[in-house]
Amino acid sequence: MSALRFCILVLLFVINTTLLVGQQRTIEAIRTESNIKIDAFFDEPIWEKAAINSGFLTAEPIPKGKPNGDTEVKIIYDNTAVYIAAKMFDPEPDKILKPYSTRDETQNASWFGVTFDTYQNGVNGVAFLLTAAGVQVDLQLSADEGDDDSWDAVWESDVRITDYGWAAELKIPFAALRFPEKSIQEWNIQFGRQTRRLRESSFWNALDPDIDGFINQCGILTGIKDVKPPVRLSFTPFVVGGLTQTKNADGTFNSSLYGAGMDMKLGINDAFTLDMTLVPDFSNTVSDQQVLNLSPFEVFFEENRQFFTEGTELFNKGNFFYSRRIGAAPVNQGLAEELEQNEELLDNPSTNQLINATKISGRTERGLGVGFFNAIERKSEATILNNATGTERKVTTNPLTNYNVLVLDQNLKNNSYISLINTNVLRKGDTYDANVTGTVFRFQDKNQKFRLNGKAALSQLIDQEQSELGHTYYIEAAKTGGKWNYGISYVEESDTYNPNDLGFLFNNNERSTEIELSYNEYEPIGKFNRYEGWMELEYSRLYDPNVFTDFAINTNWFALTKKFFAFGVFGRLEPVKTFDYFEPRTADLSKYYAFPTNFTINPFISTDYSKRIAVDFGFNYRVFSEDQRQNISVFFSPRMRVNDWLNFIINFNYNYRNNDVGFVNKDNVENEIVGLNNDDVMFGVRNRTLIENSIRAQLVFNEKMFLNLRLRHYWDRVAYHRFTRLESDGTLTNLAFDGNDELGNVLFDTDFDLFNIDLNFTWRFAPGSDILLTWKNNGFYEQNEVSKGYFNAIRNVYNQSQSNEITLKVLYFLDYSYLTKKK
């Protein structure tokens, strides 16, 4: 609690500091009664009457500087949409970078964009960007959660290259925006532009680098009157069909898949929207990047399913919601492996079938955001055959399950907020239920230089006999504006805190304090455009028992030259022995591993991405104070833009751990062979080699049609050369056990191979409507004997388990407003 008191004292000390916030510029929109053709020529008479807004100032590379070329913006509106005309002046139009890219990616192109904050809360907004090649990018912005590019609106645009630079015209339907229902509208608005070859970004309402945030530095849009929020109702029905082939040791198996479903959006009122998916299909979702996990913690996978990534900024408050839990593995999948005599497992589903999912979200005029999410999974059953009687029986591995999330998020003055979040999992029958109730908040002074952040939650696991409660809280006081910044934070997680039925937490049982000091120089100095550095102290203990676990010093330095060559270095020092209570995998944390002192250094470089060829390179070296133990890793990533339609990004990762130390599971080996007792914990000393290569290629035919290729090979080889007993003082004692059984078979060495290909063709043949053709190829190979080399491992992966899936999916967007207008 002393850390909490200190945080409050720091906030009270700095809250009185006063610094002037930049003035907001104002732009006025005028009404048009004529039809506007979106062609980037602006030849309708109404454009002559609209006021010109220019005077953009740079944000990078020089804050508040004069750009290489000015930008002129005009804005008009009618009963259905806002129209924006933009002229981007450039003294060298023939050098404008305009490569094609997939939707929602600017790649290496110059762009123009507009941001709307229709409720003027400075926390949430939407942005519409248009590249010089005509590629659309739309984003939902959150000061707390970052940018969400999975959100897709339906809007119109066009661009053209001119003798003065380039021009862009945008039509943003009111159906793509949420705004209060009142006769006179006043919104916050921002216009921005990037000249990619110069790496220069400029904005209409100047951005002050001394102020933390982007949305809170918008200007003001006036003039929009007597417009009503339209009926926001759309349907996106889809059909999907495909073929699957699986090859393994039992043979080759072919099957077909087909289905149909629908996504629906309904504007409940001017502020709230209902999103629903019925019988969803995720066949075109990119494959997960699977790894060999030797750690005591679960592997975190990114969410790639569009319904669960689009418009979820409210539900992500506090990071209590991890949507990958929905449609994941059955909660009682292990029950199917409890076989009786003469029984054989015929079928055991690895994932649960999602029936439907619904989101309701929005924000009132007074700044109260409300979000409700609900999803239902059908019951999963395993099939077991009795070979003696020929009868089959079913085992329920996952009962009918309901997931829901409720969020209340109140915006406060100075871009502050306070939120209440509740996540709940209800399972039919005897399987336990789960609930988490939490709050997060951010309080800032009026100049947005200082802030107090916090988070607290109570978790509860509920079964028929008892419930288990756990708690967590986090508090941070920090200076976040200006060149010098600093902060202190404290986090506590009880040993019973468990949000993982609908959330994600690597481990609980922690108390830790962090102190950070940073410096940002964003004014050009000498050969540098900017540079920054920070230092952080970490101190950690367990919650129960209250014992020391870790102390570390982290440092980082980064610089960007005027030729856009970036480089930096990260360092970490653990100057004292630390204690790992999780690696031994004891439920009562009765044992720990005494981690030796160590030091890590990680330099890296990155060349100018605006060039046809650019390179990222990094090197990581970690050395320990004992047993010649060291980790070496190298990251090398060239990217090549062949022309405006074709580009490649290649990633090469090499990681070698010499004398790596870790837990070894001896449950399937008799203690007499190992030389241990039941309560003993066995560790191994191993050499681990990991090589991961990937290629990403994009072939873009035009702004509506493109081909994406993702190819990845992952090879992880683990070779044990010594086995040890973990002693009560955290040290290791060598065993005579050599890692083989009585027959000389290797038990613990591992050769783990994965190969993935994801090939996706997308054609947006009409607004919001797509044809998706997807091919997925997955190869997998694992053995308890290390292979002879990397190329031999590649051959092995295709001689073992392999699956192929080809699917065709057609989606068609139907908008109620468009259909009624056309009628």
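**A bridge to start with**

Which residue forms a salt bridge with R199, and how far apart are the closest N and O atoms? The partner is D608, and those closest atoms are 2.8 Å apart. (A salt bridge here is a side-chain nitrogen of Lys or Arg within 4 Å of a carboxyl oxygen of Asp or Glu.) This pair links distant parts of the chain: R199 sits in the loop between β12 and β13, D608 in the loop between β35 (598–606) and β36 (613–624), 409 residues apart. Both R199 and D608 are buried, where buried means under 20% relative accessible area, exposed means over 50%, and partly exposed is in between (1.4 Å probe, protein chains only).

**What you're looking at**

This is a predicted model, where local features need pLDDT of at least 70, side-chain atom pairs count only at pLDDT 80 or more, and totals for chains, interfaces and linings use all residues. Residues are numbered from 1 along each chain as its sequence is written, and side-chain values use heavy atoms, with hydrogens and water left out. Strands are DSSP runs of E, at least two residues long, numbered from the N terminus.

In one of them, R197 meets E92 at 3.6 Å, N to O. R197 is in the loop between β12 and β13 (200–203) and E92 in the loop between β5 and β6, so this pair ties together parts 105 residues apart in sequence. R197 is buried at 18% relative accessible area, while E92 is partly exposed at 31%.

There's a network too: salt bridges link E538, D550, R572, E574 and R622.

**Inside: the nonpolar cores**

A nonpolar core is a set of buried Ala, Val, Leu, Ile, Met, Phe, Trp, Tyr and Cys residues joined through side-chain atoms within 4.5 Å. The largest one has 37 residues, and I84, F116, F128, L170 and F191 have the most contacts inside it. Strands giving two or more residues to this core include β5 (81–89), β7 (124–131) and β11 (165–173). A second, separate core has 25 residues, including F307, V405, V407 and L502.

**Rings in pairs**

Aromatic pairs are Phe, Tyr and Trp rings (the six-membered one for Trp) with centres within 6.5 Å; planes under 30 degrees apart count as stacked, over 60 as edge-to-face, the rest as tilted. The whole structure has 50 such pairs. Y519 and Y531 make a tilted one, 6.4 Å centre to centre with 40° between the planes. Ring pairs also link F116, F128, W151, W155, F174, F179 and W187 into a cluster.

Terms used: Helix = DSSP H or I, 4+ residues; strand = E, 2+ residues; numbered from the N terminus.
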